Amino acid sequence: APCTAIVQLLAPGFPAGAASRRAEALKRLLEVFGMEDPPPPPAHFKQPPQYMVDLFNTVANADGVTKNPDILEGNTVRSFLEKTHSEKMRFLFVLSSVAKYEKILMAELHLFRLWPRATDGPKKHHFCQVSVYQVLAKNEPDAPGGKKLLAARLVSLQGSGWEVFAITQAVRDWMEDESSNQGLLVTVQGLGGSPLEPPPLQFASSRDHHESKKPMLVLFTDDGRRGASLPMAPIVPAKMSVPRLTGPRSTRSLDRLQPCQKHPLSVDFEEIGWSGWIISPRGYNAYHCKGSCPFPLGENMRPTNHATVQSIINALKLSEGVSSPCCVPDKLYSINLLYFDDDENVVLKQYDDMVAGSCGCH
């Protein structure tokens, strides 16, 4: 399997002079993860948004293996912090890291509602109306046709916490025409649409508040990658020499006689040199399949009908050049990576067919 070959190349103790092969293996491993170059680690220590950490823990276990493949509709979740430090209630997100071929499934604006200001006398309002607009005219959003309503709802004036608004159509517009991205405008009004001065409700801004409360756009997409269906170039260069096996010959022979089964295969991102930009997991167990598929194949070998016929033909020498079936993964699981991209945005991405769940003779 491609991952097995790569991890063997990266393993400590590989023969001297393997620097170019290691570089080639790392390049191929990046291709598996859909990247050309590894993103640079953030210049300063950055805490990923808690929403993204919680989402990763909901979708994956500690090793990154997917708990439930149906939780995410697509395979990529991107978070964008508002970095422009613009005026309050006006938000602009730079989406240049989203590829044109990614299918936009859903987009959300996450705003942190601050505790209401102390007011003198009895409170007149318990709720207010919050509206989110797509800005169409950069300098005159309040002019006729200057903005388009995306979402509106009543928000309590009690307590604090995150408020989430659907803004999918705006992001789809921006992806079609990048220059149309003039940002979002948020208004706070009374129940009848009357203006409230000063507004009793305030959202955290990108300039005045802690990073953990900054306005954030969360984008759910699918990049169309599906592991097994991807055409993969051969991992091992043509003239590559394979290191000699060490240990007594009897041990090697015994190893070949072991029945087909699953064995550990650790992928350590720190050892590879990727720990600076990958947030979670620190590594994972890919597992690999090893062992013999002797005749007759029992049910415990999980053989396909084709493998059973091939085993019989091989055992009875009914046809020349027919080998015995191979021990390969017959169930594969996806893994999830939480990482910083080139723009220091946090991304959660799911990769199919990365962990051997079980082995069989095929």
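This is a predicted model: local features need pLDDT of at least 70, side-chain atom pairs count only at pLDDT 80 or more; totals for chains, interfaces and linings use all residues.
View 1. Of the 362 residues in the protein, 43% are buried.

**View 2. The overall fold, with its helices and strands.** The protein has seven helices and 15 strands. Take the contacts with a separation of 6 or more: 73% of them come from residues 24 or more positions apart.

**View 3. Helix α7 and its buried residues.** Helix α7 spans residues 305-315. Its buried residues are A307, Q310 and S311. These three lie on the same side of α7, because they cover an arc of only 105 degrees around the axis. Their packing partner is β15, residues 346-361.

**View 4. The residue K317, after helix α7.** K317 follows α7. The phi of K317 is positive, near 55 degrees.

**View 5. The largest cavity and its lining.** The protein holds four cavities of 30 Å³ or more. The largest cavity contains about 60 Å³ of space. Its lining includes K46, Q47, P48 and P49. S79, L81 and E211 also line this cavity. F340, E344, N345 and V346 complete the list. By class, the lining has five nonpolar, three polar and three charged residues. V346 belongs to this lining, and the strand β15 covers residues 346-361. That strand is the one against which the buried residues of α7 pack.

Terms used: Residues are numbered from 1 along each chain as its sequence is written. Side-chain values use heavy atoms; hydrogens and water are left out. Buried means under 20% relative accessible area, exposed over 50%, partly exposed in between (1.4 Å probe, protein chains only). Helices (H or I, at least four residues) and strands (E, at least two) are DSSP runs, numbered from the N terminus. The arc is that of the directions from the helix axis to the C-beta atoms. Contact means heavy atoms within 4.5 Å. On a 1 Å grid over the protein atoms alone, a cavity is a set of points where a 1.4 Å probe fits but cannot get out, and a pocket is an open set with protein on both sides within 12 Å along at least five of seven lines; lining residues have an atom within 4 Å of a point. Grid points are joined across faces, edges and corners, and a volume is the space filled by probe spheres set on the points. Ala, Val, Leu, Ile, Met, Phe, Trp, Tyr, Cys and Pro count as nonpolar, Asp, Glu, Lys and Arg as charged, and the others, Gly among them, as polar.
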